[in-house]
Amino acid sequence: MVMLDTAMKDYLKGDEINHKKKTKEYKVMKEIMLLQVAADNYTLEPKEEFRACFQAVERLSEDESYILSCQLEPQS
């Protein structure tokens with residue numbers, strides 16, 4: 001949604017609404033909602049090995065996370 005929002009303008013010439021953007025946003029939101037409904041049909045229990053490994057991972061602060069993100073995907 002963020003990529004779609006930044007990639008396409010809200011308005012075209014003057015005050016004309018960009019209906020193509022709104023249509024794409026609607027389709028993405030509809031797909032997300034369908035996936036959320038489908039996900040309710042699953043009950044998953046993590047295996048203990050995964051849980052232990054996941055909890056052992058070092059957590060980054062928000063600043064550390066931002067710096068790493070900028071290194072991996074530099075802004076253009």
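The chain exposes about 7,700 Å², and 58% of that comes from carbon and sulfur atoms. The areas were worked out by the Shrake-Rupley method with a 1.4 Å probe, and for residues only the protein chains shown count as cover.

A note on what I'm looking at. The model is predicted, so local features need pLDDT of at least 70 and side-chain atom pairs pLDDT 80 or more, while totals for chains, interfaces and linings use all residues. Residues are numbered from 1 along each chain as its sequence is written, and side-chain values use heavy atoms, leaving out hydrogens and water.

Next, the fold. I found four helices and zero strands, in the order α-α-α-α. Here a helix is a DSSP run of H or I with at least four residues, a strand a run of E with at least two, numbered from the N terminus. The radius of gyration is 20 Å, well over the 11 Å from the globule rule for 76 residues, so the chain is more spread out than a compact globule. That radius is taken over C-alpha atoms, and the rule is 2.2 Å times the number of residues to the power 0.38. The C-alpha atoms fill a box of roughly 55 × 40 × 15 Å along the principal axes.

Then burial. Buried residues are 7% of the 76; buried means under 20% relative accessible area, exposed over 50%, partly exposed in between (1.4 Å probe, protein chains only). Cys-53 is exposed at 52%, and Cys-70 is partly exposed at 27%.
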